[in-house]
Amino acid sequence: MLQLITFSTLNGVLYGMLLFMMASGLTLIFSMMGVLNFAHASFYMLGAYFGFEISRHIGFWPGFFVAPLLVGALGALVERFGLRRVHRLGHVSELLFTFGLAFVIVEVVQMVWGKLPVDYRVPPSLDFVAFRLFDTTYPAYRMFMLLTAIAMFAALFAVLTRTRVGLVIQAALTHPEAVAMLGHNVPGLFMLVFGAGAALAGLAGVIAGPALVTQPGMADLLGPILFVVIVVGGLGSLTGALVASLLIGIVQTFAVAMNGSLAEILGPDAPPLLGDLWQVTIAQLAPVIPYLLLVLVLIFRPTGLMGTRES
Amino acid sequence: MRTIAPWLALAFAFAAAPMIFSSGSALTTMSLMGVMIVFALSYNMLLGQTGLLSFGHAVYYGLGGFVAIHAMNAVINAKLGVPAIVIPLVGGLAGLGFGFLFGLVSTRRAGIVFSMISLGLGELVSSSSFILRSFFGGEEGVTTNRAKLAHFLGFRFVSQIEVYYLIAFWCFVCALAMYALTRTPFGRMCNAVRDNPERVEFIGYSPRMLRLIAFSFSAFFAGAAGGLAAIDFEIMNAQQLGAQQSSLVLLMAYVGGIGAFAGPIIGAIVITFLQISLSDVTSAWQLYFGLLFIGVVTWAPGGIAGLLALHRQALRQGEAWRLAPAYAMAAPALAACVVGAIMLIELGNRELALERSEGSAMRLFGFSVDSASLAPWVVAIFLLGVGLASMRRLWPGVESAWGTVNARLLEKAA
């Protein structure tokens, strides 16, 4: 039991931090530009595929540094030549633009790398056992992922609170017009934030690719959960995104490890019409939990856990 | 007369279509189009008329379909004399029930929050479909046999032509009902909620209540479309209520044009046709859908119907000829862009995805080309480059021609 709790907590925190790497960019982009970026998870997928392609030719480490930069550059280009053009048509058009973009990216990825998962592996330099606890080993690569995510979190926090650009971004979150009037280049800032958000998602993809599966469906698997994270946390709140990421990460990881069902608790005789519900184990419910949480949060606390604004 | 004429034309088109396109595959396609028209129109009750952007509308289509198919099986097992023609109503009522239930949760707010809840509910229902197996039938879905239903005025609805007319009948009735709804005070209030919810509150209406009613109505028609699909396919599976189906209906409504009532009808016909015919021609057809969608969002936010309406006004006032020179100049450039882009996509698709299994020799616009050689790539890039460059130069001409036309139209109006 202790073993289960320790490892589930570790994995849950890891998954949560991975979610936060993407959710932070998504929520920053949303609160600055008002754009809910449907293609955000696609940037994560592109990060994984770029990392795979570079690791195949040069090695894992160059990919680790170059792939996020490539994805970030791509994100900046999308903002400059796509979103900015649609901007005058309103937020719904911007959202639909990114929706179409996500569709196109999946198709292009399938065209280039095929529909089957690619063989993106953990590099040999990180392929060893980090520690052994209660007769179970924990791979070093997971520790590396966790450290990367924490380092990124620290860096993001430092940039936002300690640098001039960070302060301008924070100001633009709440008062974009005032920031523009003070002479700051707000469109340039938008491009920067969009690019940086895409780069963060790309970094998440590069490190998650070898641990999870690098396949064309990975964006669709994660995308909806990201939206759950930022809505549950409160739209536009970075702290909220962190809390919601960890919450969803830990809850889902624990649920996967559990096997109880109503039949075990209340006996095997199901009331009529509820036969399916009786047999469902908590582990099977794991994919549903984030969405249940979303609905519950929106009913009882429409602004999200830490949010202050409603839309 | 001016409002009746299009409906008579539509009824006539529905009745006459099978006489012109009588092949089996054409009938199947047209049946699917009928289902999708109802579905897309129901979607536009939300997006176009009430300003609610939903990413989970297929939930009501799918649940309507599932309930309809279970109802068909129950009727068959109990040997009740219920004919197929009433089944879409069952689907519609199921859609209405679920729409009201989920609408209570999701219509409290409009805007992004509504979109996110609809996405979440969509994921919730489609991931539960793998848990509640006895209702959703797991991966293989639930099947039925429409031939075992009771007959109605001598029709058994077994052959595809009978099913087509059943769908056409319901499609016409639903379209008419949805159009009538837009003309009622309720329909006007929906538009008001879309444009300015604050003022709606000031004149004593609850925007939330209006959104909930619109949402329930929309779910009713989506459920009816699902019921029609259940009769047409005789099978329902979890894919029918998933994210892909929800995206498809958004694509149809938006490409057709959300600003006009007829937009989603056009969109459903065009997209269904493309879906069936493009997938025969190229394996990259979904990429074209994505690009088409981005193109419409960026350059023609009014969709096909918006473009048509724009030109119709100019035509009526006899001003359209002013556009002709600018259009004639821009058309070859646009064609070069499109052909160049298609060539690039097809060459890329061949070289990257199909080369290993099918070799690099291919046919492109009637020519035999080899995607491994340099020449077709050069031609494609040249066409696209020249096309884009000349579009940039010619577009101001088109814009100024439109400027003159609009000025003339304003003058005539005044």
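This is a predicted model: local features need pLDDT of at least 70, side-chain atom pairs count only at pLDDT 80 or more; totals for chains, interfaces and linings use all residues.
A helix axis here is a line fitted to C-alpha atoms over the stretch in contact, and angles run from 0 to 180 degrees between N-to-C directions. Keep that in mind.

Let's begin in chain A, with helix H10, residues 238–257, and helix H14. Their axes come within 10 Å and cross at roughly 135°. What do we call that arrangement of H10(A) and H14(A)? Angles over 145 count as roughly antiparallel, and 65 to 115 as roughly perpendicular. H10(A) and H14(A) are therefore oblique to each other. The crossing of H10(A) past H14(A) is right-handed. Who touches whom? H10(A) brings Ile248(A), Val251(A), Gln252(A) and Ala255(A). H14(A) brings Ile289(A), Pro290(A) and Leu293(A). By class, six of the residues in this contact are nonpolar, one is polar and none is charged.

Next pair. Helix H2 of chain A covers residues 40–57, and helix H3 of chain A covers 60–86. Their axes come within 8 Å, crossing at roughly 140°. That makes H2(A) oblique to H3(A) as well. H2(A) also passes H3(A) in a right-handed crossing. On the H2(A) side, look for Phe43(A), Leu46(A) and Phe50(A), among others. On the H3(A) side, the partners include Phe64(A), Val71(A) and Leu74(A). Glycines take part too, among them Gly47(A) in H2(A) and Gly63(A) in H3(A). The contact of H2(A) with H3(A) counts 13 nonpolar residues, five polar and no charged.

Third pair. Which hand does the crossing of H1(A) and H5(A) have? Left-handed. From H1(A), the contact uses Leu14(A), Met17(A), Leu18(A), Phe20(A), Met21(A) and Ser24(A). From H5(A), the residues include Arg142(A), Met145(A), Ile150(A) and Phe153(A). Here the classes are twelve nonpolar, one polar and one charged.

Now out to the interface. How many residues of chain A are in contact with chain B? 35, and they meet 35 residues of chain B. Several elements of chain A give two or more residues: H3, H4 (91–113), H9 (218–233), H12 (275–279) and H14 (289–300). H4(A) gives the most, with twelve residues. Sorted by class, the chain A side has 26 nonpolar, five polar and four charged residues.

Over to chain B. Chain B divides into domain 1, residues 4–309, and domain 2, residues 317–413. Taken over C-alpha atoms, the domain centres are 33 Å apart. How many residues touch between domain 1 and domain 2 of chain B? Four residues of domain 1 are in contact with five of domain 2. The domain 1 side is two nonpolar, two polar and no charged.

Two residues of chain B to finish. First, Glu234(B). Glu234(B) has a positive phi of about 60°, although it is not a glycine. Find Glu234(B) in the loop between helix H10 (207–233) and strand E2 (235–236) of chain B.

Then Arg133(B), in helix H6 of chain B, residues 133–136. Arg133(B) counts as partly exposed because it has 14 C-beta neighbours inside 10 Å. Between Arg133(B) and Val281(B), the sequence separation is 148 residues, and the C-alpha atoms are 37 Å apart.

Notes:
Residues are numbered from 1 along each chain as its sequence is written. Chains are lettered from A and ligands numbered from 1 in the order in which they are written. Domain bounds come from an automatic or database domain assignment. Two residues are in contact if their C-beta atoms, placed from the backbone, lie within 7 Å. Ala, Val, Leu, Ile, Met, Phe, Trp, Tyr, Cys and Pro count as nonpolar, Asp, Glu, Lys and Arg as charged, and the others, Gly among them, as polar. Helices (H or I, at least four residues) and strands (E, at least two) are DSSP runs, numbered from the N terminus. A residue is buried if 20 or more other C-beta atoms lie within 10 Å of its own, exposed if 12 or fewer, and partly exposed in between; C-beta atoms are placed from the backbone. Angles under 35 degrees count as roughly parallel, over 145 as roughly antiparallel, 65 to 115 as roughly perpendicular and the rest as oblique. A crossing is left-handed if the near helix is turned anticlockwise from the far one by less than a right angle, and right-handed if clockwise.
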